[in-house]
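Colleague: I would like to learn how to read aromatic contacts in a model. Please take me through them.

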Amino acid sequence: MNHPTELPAVHEAWLPREHPLHRPRHGRRQLTALVCALLFFSAPVLSWLFGARAEPLENRPLAAFPSITDGWGVLTGLNPWATENLPFRKNAVQSVDALSRGVFGEPARLEGGSHTSPIGTGQVDAKPPLDETVFPNVIEGKNGWLYLGHDVSYRCVPKMELDRVIAGLKRWRSVVEASGRRFQLVIAPDKSTVYPENMPDSYPGQDCSAKAQAEFWRRVPAATGAIDMRGQLRQVAERNGRPIYHDIDTHWTHEGGVAMTYQLAERLRPGTTATWKVLPSRQYDHSADIPDLLGQDRTVPIQAYSLAPDGGADNTRFQASNFHQPLHLSSPPKPGMIDRPMRMVGDSFSQFASPYLAAAFTDVTIAHPDTVAENPQAMGSLLAEGEIVTFELSERFVAGGRYAMLDPAVADQAGAVLAQHPVR
């Protein structure tokens, strides 16, 4: 005899309708939910067939369709894929933001961000939150300046502790130098670090962000030998009479890229820049990345430069790349150039430096940090082609432990390849 508390031997959908445990397999609510889900997930495909295309709102590719090899990740990956690949998404973001500003007088809470936070501004954060969604994606500062919310959220909710980040950077220096190569590390400061005066008087995460920022700059350059460009960037800006970061874009200007190129060349061969001649060249409009997060299409004026290492003809090369496919740039040697091959790991800040690196180095290849983590052995082979290995990494990603390549195990795998091809 079955115990009275045992579960029924059949699915509850097949029990008699009057049974207290009866649950219809396809009730009206379930059917409605299934239809809505089908429309949501099929909309990107159907709209694509009719010619509509989704536009990325952030400075990264749209979410890819999940692979069947991801296991249960196929299900969890469908939501971001369907959301990001919906056409007219930017129009929807613009409408929601306009409605929020018109009715409530504040920006809309978009992309999972929030403009209120359980972290009280003006108080000490005893413990940062575990959920990044309490932070806004865009911080609206003074004088019309916009800041990327990750400047704050990544510091307050790091993926790696700072000790582990430092250990990873030191491990990279160790394996590169053990192979006989020269190692250089540049940390591109956040805009909020170089221009804190245009940040709002209060914002979510203000205290935990300031604390993490101070500890980062106190410890990281000293422990890793990273080039600290904060002072020089302000000096260049004051000399030129304009900010070295765009007011509505998160990156430095071409002047920042030139400044980094000067720093790298002088550390490799002091005095080599004495013959350099840098002059303003073309101007063009650049699509600003931060307004995209608000569904806005805005541009910033870009002033590019020529760089003649020998004081003669311009030697820059402007070649667009996100470095996910390594970008190789080479030119015949001239006086004032570094003629040793350099292999570089750089992110979007290096996009504003690559024309000048091409002018100053006879042989340079730049790869993205994500590429390093995806295939450390292949990247080890690429780095082994150079006698100089340079890293340019963004402050927010380093401070937040967001680079997978900071895992010392990644450095060890690439280092094993470098060790097989030492520089004598």
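Colleague: Which ring does the charged end of Arg 402 sit over?

Modeller: A charge sits over a ring if NZ of Lys or CZ of Arg is within 6 Å of the ring centre and within 35 degrees of the ring normal. In this predicted model, Arg 402 has its charged end over the ring of Tyr 154, 4.0 Å from the centre. Lys 191 places its charged end over Tyr 147, 5.0 Å from that ring's centre. The model is predicted, so local features need pLDDT of at least 70, side-chain atom pairs count only at pLDDT 80 or more, and totals for chains, interfaces and linings use all residues. Residues are numbered from 1 along each chain as its sequence is written, and side-chain values use heavy atoms, with hydrogens and water left out.

Colleague: How many aromatic pairs are there?

Modeller: Rings of Phe, Tyr and Trp (its six-membered ring) pair if their centres lie within 6.5 Å; planes under 30 degrees apart are stacked, over 60 edge-to-face, the rest tilted. The count comes to 12. Phe 183 and Phe 391 are edge-to-face because their planes stand at 80°, with centres 5.1 Å apart. Phe 183 is in strand β3 (residues 182–188) and Phe 391 in strand β10 (residues 388–394), 208 residues apart. Strands (E, at least two residues) and helices (H or I, at least four) are DSSP runs, numbered from the N terminus.

Colleague: Are Phe 183 and Phe 391 buried or exposed?

Modeller: Buried means under 20% relative accessible area, exposed over 50%, partly exposed in between (1.4 Å probe, protein chains only). Both Phe 183 and Phe 391 are buried.

Colleague: Which residues form one aromatic cluster?

Modeller: Trp 145, Tyr 147, Tyr 195, Tyr 245, Trp 252 and Phe 349.
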